[in-house]
Amino acid sequence: MGWFRRRPWLTAVLVVAYLALLVTTLGWPYPVEGDRGTRFVFLLDAMLSVGVGSRTTLIAIEVVSNVLLFLPLGLILWWVLSRLRVLRNPWVHLVVALACGMVVSISAELFQREFLPERTGDVRDVVSNSIGVAIGCVLGLVLDRVEARHAASARPESD
């Protein structure tokens, strides 16, 4: 993921912006599908109007949005862990990043359940958040492999 290394200031801005969005979303006092939150109903209506099947529900939209919300966290965790010299095995990076993402997700759900009376902690959210982290980590792994192959092919062969 050389792009991140070549533009450290932009990377820092993107990471801070994403983390601010994540904290705001997870700590928002009202459910996003509730009366005081942003409604997903307009999205569901728009999807139905263009022919995306009637089986699409608010739960499916919520699951997909949770996966998409946590995917960048998995990518960030992968990037940070892959730069540590202590952990050399990519599978260890994957497991540690997934564990960190699950801790963030479980902590957020417990916080919502205990301190935000309008919100609820849900196991489905932890599962979909963890899937997002896992996809982000796998994306990081793939990008690292592609970059390594590209760098290897760009090097001149020595006789």
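**Salt bridges and their surroundings**

Modeller: The count comes to two salt bridges, a salt bridge being a side-chain nitrogen of Lys or Arg within 4 Å of a carboxyl oxygen of Asp or Glu. One of them joins the side chains of Arg124 and Asp122, at 2.9 Å from N to O. The other pairs Arg113 with Glu114, whose closest N and O atoms are likewise 2.9 Å apart.

Two remarks on the source are in order. This is a predicted model, in which local features need pLDDT of at least 70 and side-chain atom pairs count only at pLDDT 80 or more, while totals for chains, interfaces and linings use all residues. Residues are numbered from 1 along each chain as its sequence is written, and side-chain values use heavy atoms, with hydrogens and water left out.

The protein chain has six helices and zero strands, where helices (H or I, at least four residues) and strands (E, at least two) are DSSP runs numbered from the N terminus. Along the sequence the pattern is therefore written α-α-α-α-α-α. Of the 159 residues, 31% are buried; buried means under 20% relative accessible area, exposed over 50%, and partly exposed in between, with a 1.4 Å probe and protein chains only.

Arg124 lies in helix 6, and it counts as partly exposed because its relative accessibility is 43%. Helix 6 runs over residues 123-154. Its 32 residues reach 46 Å from the first C-alpha to the last, close to the 46 Å expected at 1.5 Å a residue; the expected span is 1.5 Å times one less than the number of residues.

A cavity is a set of points, on a 1 Å grid over the protein atoms alone, where a 1.4 Å probe fits but cannot get out, and lining residues have an atom within 4 Å of a point. Grid points are joined across faces, edges and corners, and a volume is the space filled by probe spheres set on the points. There is one cavity of 30 Å³ or more, and the largest cavity has a volume of about 40 Å³. Its lining consists of Ile59, Glu62, Val63, Asn66, Asp122, Arg124, Asp125 and Ser128. Helix 4 (58-83) and helix 6 are the elements that give two or more residues to this lining, and helix 4 gives the most, with four residues. Arg124 and Asn66, both in the lining, are 58 residues apart in sequence and 9.6 Å apart in space, C-alpha to C-alpha.

Leu75 of helix 4 counts as buried because its relative accessibility is 15%. Leu75 and Leu141 are 66 residues apart in sequence, yet 8.8 Å separate their C-alpha atoms. Leu141 is among the buried residues of helix 6, which also include Asp125, Ser128, Asn129, Gly136 and Asp144.

What forms a nonpolar patch on the surface? Val123, Val127, Ile131 and Ile135 do, with about 350 Å² of accessible area together. Patch residues have over 30% relative accessible area and no salt bridge, like charges being joined within 9 Å and nonpolar side chains (Val, Leu, Ile, Met, Phe, Trp, Tyr) within 5 Å; the areas come from the Shrake-Rupley method with a 1.4 Å probe, and for residues only the protein chains shown count as cover. An α-helix has 3.6 residues a turn, so residues three or four places apart point the same way. Ile135 is partly exposed because its relative accessibility is 39%.

The C-alpha atoms of Val104 and Asn129 are 9.2 Å apart.

Key. 1 Å grid on protein atoms, 1.4 Å probe; cavity = no way out; pocket = protein on both sides within 12 Å on 5 of 7 lines; lining within 4 Å.
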